[in-house]
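Trainee: I want to check the labels on this model. Where do we begin?

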Amino acid sequence: MNIQPRKSTKDLTAYDPGLFKGRYKLDANENPYGIPAGLKKKILAKAAALELNRYPQPGAGLLREKLSKGLKVSPAQIVVGNGSDEILLYLMLAYLEQGEAVIAPAPAFEMYGVIAKACGGRFVPVPLDDKYDIDDRAILRAAGENKPKFIFITYPNNPTGNCFTASRIKNILDNTGALVVIDEAYYEFSQKTFLPLLKKYPNLIITRTFSKAYSMAGLRLGYMISSAAVCENVNKVRLPYNVNSLSVFIALEALKNAGVIKKSIGIIRKERARMYKTISQKYETIKSDANFIFVRFNDPQKAKFAFEKEGISIRMFGKGPAAGWARITVGKPAENSAVLKIIKRGV
Ligand code: PMP
């Protein structure tokens, strides 16, 4: 028998977010509002006409076309994935050689390391500086030593919530030959983007998602924007029908009604400011450009228990570079008030 898994999976564990049983789900940076009920009903009624017995249009052509117009790039510069998670996987499948290095700041989105290792790569995390900004010089030093294929930068960063200093990211772009992936999953909340720099840097890749601002986490749609050459390589490893007809249809309808859906962004940004004001008076926290807030609790176990007791699920970091910190999604006003009540009382 030969049933050994790949050696590179040895220190990985299956992702298990657990089953949510509480009152308020503030642990996954989802949009609490969803697609407005009336619009959702209309879209789903229209979706009844979809021929679900047929395979989807390969490569989500219509969606790429629609996105390309808004982004002012060509459809050949976009690849759509089953969540931006899948795009990250395809990037590494297409480009990463066995043993090759992948660099990302720490803490950052955990999937960069997981996918790098799953693909047989070597993950090199580089700590943030003492102001939770990207340490561009340390990253370039690590790049010099490790000759990475990829440098991943989350903008705004997850879990810290801040957008790193743009000139530091540009310094990395100016001084590396690696593929630089700027993950803009939370772009709509920050309104800051590296998109205009695509023309200047052929090694720049930007990823975005419908999971956060667009309220479509359950439909699993994300995409990358890069040069047509990079997209062509990614398409070589993309499964033929990786995104389904229903999700693509809903995304197209959502884009037609973007104004209605995006109303929630303004409310979330306002609530974010309200939360920051109270939290920062009591605990160490970081000004957020995303839809979540990162908070350091003196006693993380006690904090976890205090929130659980009130039926509020938040993301606690027990180990790793964010140990002792919690990430709290900005929810609806009543949910946020429940969080602030605990904060004011102290945990
Ligand atoms: N990038 C970042 C920074 C994220 O926080 C997430 C979701 N937590 C993703 C990518 C993946 O999102 P999705 O697969 O839903 O598009």
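Mentor: With a definition. A pocket is an open set of grid points with protein on both sides within 12 Å along at least five of seven lines. Keep in mind that this is a predicted model.

Trainee: How much space lies in the second largest pocket?

Mentor: About 300 Å³. The pocket has 15 lining residues, and the closest to its centre are Leu 67, Gly 70, Tyr 214, Leu 255 and Lys 262.

Trainee: Which element gives the largest share of that lining?

Mentor: Helix H2, with four residues. H2 (61-71), helix H7 (187-190), strand E7 (204-209) and helix H10 (258-282) each supply at least two.

Trainee: How does the lining divide into nonpolar, polar and charged?

Mentor: Eight nonpolar, three polar and four charged. Gly counts as polar here.

Trainee: Why is Ser 84 called buried?

Mentor: Its relative accessibility is 12%. Buried means under 20%. Therefore Ser 84 counts as buried. Ser 84 is found in helix H3, residues 84-95. Leaving aside neighbours within four places in sequence, Ser 84 is in contact with Arg 208, Thr 209 and Gly 222.

Trainee: Which residues come nearest to the ligand?

Mentor: Of the 13 residues around the ligand, they are Ser 84, Asp 183, Tyr 186, Thr 209 and Ser 211.

Trainee: Why does Ile 78 count as buried?

Mentor: Its relative accessibility is 1%. The limit is under 20%, so Ile 78 counts as buried. Ile 78 is found in strand E2, residues 78-81.

Trainee: Which residues of helix H4 are buried?

Mentor: In H4 (residues 111-118), Tyr 112, Gly 113, Ile 115 and Ala 116 are buried. Their cover includes H3 and strands E3 (101-106), E4 (122-127), E5 (150-154) and E6 (179-183). Just after H4, Gly 120 takes a positive phi of about 85°.

How values were computed. Residues are numbered from 1 along each chain as its sequence is written. This is a predicted model: local features need pLDDT of at least 70, side-chain atom pairs count only at pLDDT 80 or more; totals for chains, interfaces and linings use all residues. Side-chain values use heavy atoms; hydrogens and water are left out. On a 1 Å grid over the protein atoms alone, a cavity is a set of points where a 1.4 Å probe fits but cannot get out, and a pocket is an open set with protein on both sides within 12 Å along at least five of seven lines; lining residues have an atom within 4 Å of a point. Grid points are joined across faces, edges and corners, and a volume is the space filled by probe spheres set on the points. Buried means under 20% relative accessible area, exposed over 50%, partly exposed in between (1.4 Å probe, protein chains only). Contact means heavy atoms within 4.5 Å. A residue is near a molecule or strand if one of its heavy atoms lies within 4 Å of it.
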